[in-house]
Amino acid sequence: MADVLSFKEMCARFDVTPRTLRYYEYIELLSPQKSGRSRFYGAREIARMTLILRGRRFGFSLEELRQWLLIYDQKGTEEQNRVWIELADRQLDVLCKERDELEVTIADLKQLRDDVAKTLDS
């Protein structure tokens with residue numbers, strides 16, 4: 001049973017709160033094995049958690065991730081990969097626009113800072 005993590009071990013391994021882990025189960029992102037009140041997470045759930053956290057880091061919503069994970073169960077890897085490419089392309093567009101807006105904001109802030117600094121030097 002070395003490939004199985006307890007609830008507490010799962011929280012520690014992925015640095016998430018118990019509340020987060022329970023929520024992911026509630027919205028059907030994870031389906032641990034249950035024995036009484038105990039939950040156990042096998043290789044499938046560990047892999048799914050890795051994908052969920054990576055997806056969150058990339059800016060995907062939990063619902064997008066849930067739907068994407070569901071595709072694997074319903075249609076297999078090839079269709080899941082097709083959808084992944086579409087999702088990734090869309091998210092890359094979003095992130096690039098956010099980066100461009102941030103660059104403009106940084107330039108504006110630098111200019112304003114420099115303008116104010118010049119008034120102090122005079």
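Residues are numbered from 1 along each chain as its sequence is written, and side-chain values use heavy atoms, with hydrogens and water left out. Because the model is predicted, local features need pLDDT of at least 70 and side-chain atom pairs count only at pLDDT 80 or more, while totals for chains, interfaces and linings use all residues.

View 1. In helix H2 (residues 18–26), the buried residues are Leu 21, Tyr 24 and Glu 25, where buried means under 20% relative accessible area, exposed over 50% and partly exposed in between, with a 1.4 Å probe and protein chains only. Seen down the axis of H2, these residues fall within an arc of 100°, so they line one face of the helix, the arc being that of the directions from the helix axis to the C-beta atoms. The face turned away from them carries the exposed residues Arg 19 and Tyr 26. Helices (H or I, at least four residues) and strands (E, at least two) are DSSP runs, numbered from the N terminus.

**View 2. A salt bridge at Glu 25.** The side chains of Lys 34 and Glu 25 meet in a salt bridge at 2.9 Å, N to O, a term that requires a side-chain nitrogen of Lys or Arg within 4 Å of a carboxyl oxygen of Asp or Glu. Lys 34 is exposed, at 55% relative accessible area, whereas Glu 25 is buried, at 14%.

View 3. Arg 82 and Glu 78 form a salt bridge at 3.0 Å, N to O; being four residues apart in helix H5 (residues 77–121), they are separated by about one helical turn.
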